[in-house]
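I opened my notebook to walk through this protein one residue at a time. Here is what I looked up, in the order I looked.

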Amino acid sequence: MGGMCMRNLSVILGLLLFLLAGCNNNFQPELTRIDAQKISFDGTKNGEERIIADKQSLQAIEQAMSKVTWEPNTKADMARREDAIATFFVQEEKNMPERLYEYRIWFEGETATIISSKENEGYGRLVAKDQVHFLEAELLD
């Protein structure tokens, strides 16, 4: 009789764990906010920090960032200070605090150079000029 109860308890616990694990797998990381700060040539903050939180703008910025060609583990020395620092707030797990990723961005006319604090990104280049101009307008204006 005791063995039967233990087996039933094991089955119930197994099902419960399966259901809990199944719920977690459905969560997709989500960009919830971007704080963008314009930087002047001497490295000081230039103006007010801009907070971008509306879903449409965030999705459009994510789309532009998806066009960046990343070179992880590449160290870059830039000749001048970045034009902007953008902090991305990403909800990676349900009911957990957001993770923050910092992007230092140099706009160079038709292209942009980006250095990310995200380990799998590192140094990146954006060469799609329409996306470069869009990012520049969103983060600096």
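**Entry 1: Gln-37**

Which backbone oxygen does the side chain of Gln-37 reach? I found that it is the one of Gly-47, at 3.2 Å. I noted the rule for a polar contact: a pair of N or O atoms within 3.5 Å, where within protein one must be able to donate a hydrogen and the other to accept it, and residues adjacent in sequence count only if both atoms are side-chain atoms.

Before going on, I wrote down that this is a predicted model, in which local features need pLDDT of at least 70 and side-chain atom pairs count only at pLDDT 80 or more, while totals for chains, interfaces and linings use all residues. Residues are numbered from 1 along each chain as its sequence is written, and side-chain values use heavy atoms, with hydrogens and water left out.

Gln-37 lies in strand 1. Helices (H or I, at least four residues) and strands (E, at least two) are DSSP runs, numbered from the N terminus. Gln-37 counts as buried because its relative accessibility is 6%; buried means under 20% relative accessible area, exposed over 50%, and partly exposed in between (1.4 Å probe, protein chains only).

I then listed contacts, meaning heavy atoms within 4.5 Å. Not counting residues up to four places away in sequence, Gln-37 touches Lys-45, Asn-46, Gly-47, Glu-48, Glu-49, Asp-83, Ala-84 and Ile-85. For Glu-48, 11 residues along the chain from Gln-37, I read a C-alpha separation of 7.1 Å.

**Entry 2: Asp-35**

I stayed in strand 1 (residues 30–38), where Asp-35 also lies. Is Asp-35 buried or exposed? It counts as buried, because its relative accessibility is 7%. I saw that its side chain makes a polar contact of 2.7 Å with the side chain of Arg-33. Beyond four places in sequence, Asp-35 touches Glu-49, Arg-50, Ile-51, Ile-85, Ala-86, Thr-87 and Phe-89.

**Entry 3: the whole chain**

I stepped back to count elements. The protein has 3 helices and 7 strands, and from the N terminus they run α-β-β-α-β-β-β-β-β-α. Of the 141 residues, 32% are buried. I also looked at contacts between residues at least 6 apart in sequence: 54% of them join residues at least 24 apart.

**Entry 4: helix 2 and helix 3**

Two packed helices are described by the angle between their axes and the distance between the axes. I looked up both for helix 2 (residues 55–65) and helix 3 (residues 129–140): the axes come within 10 Å and cross at roughly 140°. Axes are lines fitted to C-alpha atoms, for helices over the stretch in contact, and angles run from 0 to 180 degrees between N-to-C directions.

Helix 2 and helix 3 are therefore oblique to each other. Angles under 35 degrees count as roughly parallel, over 145 as roughly antiparallel, 65 to 115 as roughly perpendicular, and the rest as oblique.

Which residues make the contact? From helix 2 I noted Ser-57, Ala-60, Ile-61, Gln-63, Ala-64 and Met-65, and from helix 3 Gln-131, Phe-134, Leu-135 and Glu-138.

I picked out Phe-134 of helix 3. Phe-134 is partly exposed, because its relative accessible area is 25%. Leaving aside neighbours within four places, Phe-134 is in contact with Ala-60, Ile-61 and Ala-64. Phe-134 and Ala-64 are 70 residues apart along the chain, yet their C-alpha atoms are separated by 7.9 Å.

**Entry 5: Ser-116**

I found Ser-116 in strand 6 (residues 111–116). Ser-116 is buried, with a relative accessible area of 10%. Its side chain and that of Glu-121 are joined by a polar contact of 2.7 Å. Not counting residues up to four places away, Ser-116 touches Trp-70, Glu-102, Tyr-103, Glu-121 and Gly-122.

**Entry 6: two asparagines with a positive phi**

Most residues other than glycine have a negative phi. I was glad to spot Asn-73, which is not a glycine but has a positive phi of about 65°. Asn-73 sits in the loop between strand 3 (69–71) and strand 4 (84–91) and is exposed, at 77% relative accessible area.

Phi of Asn-95 is positive too, near 60°. I placed Asn-95 in the loop between strand 4 and strand 5, and it is exposed, with a relative accessible area of 72%.
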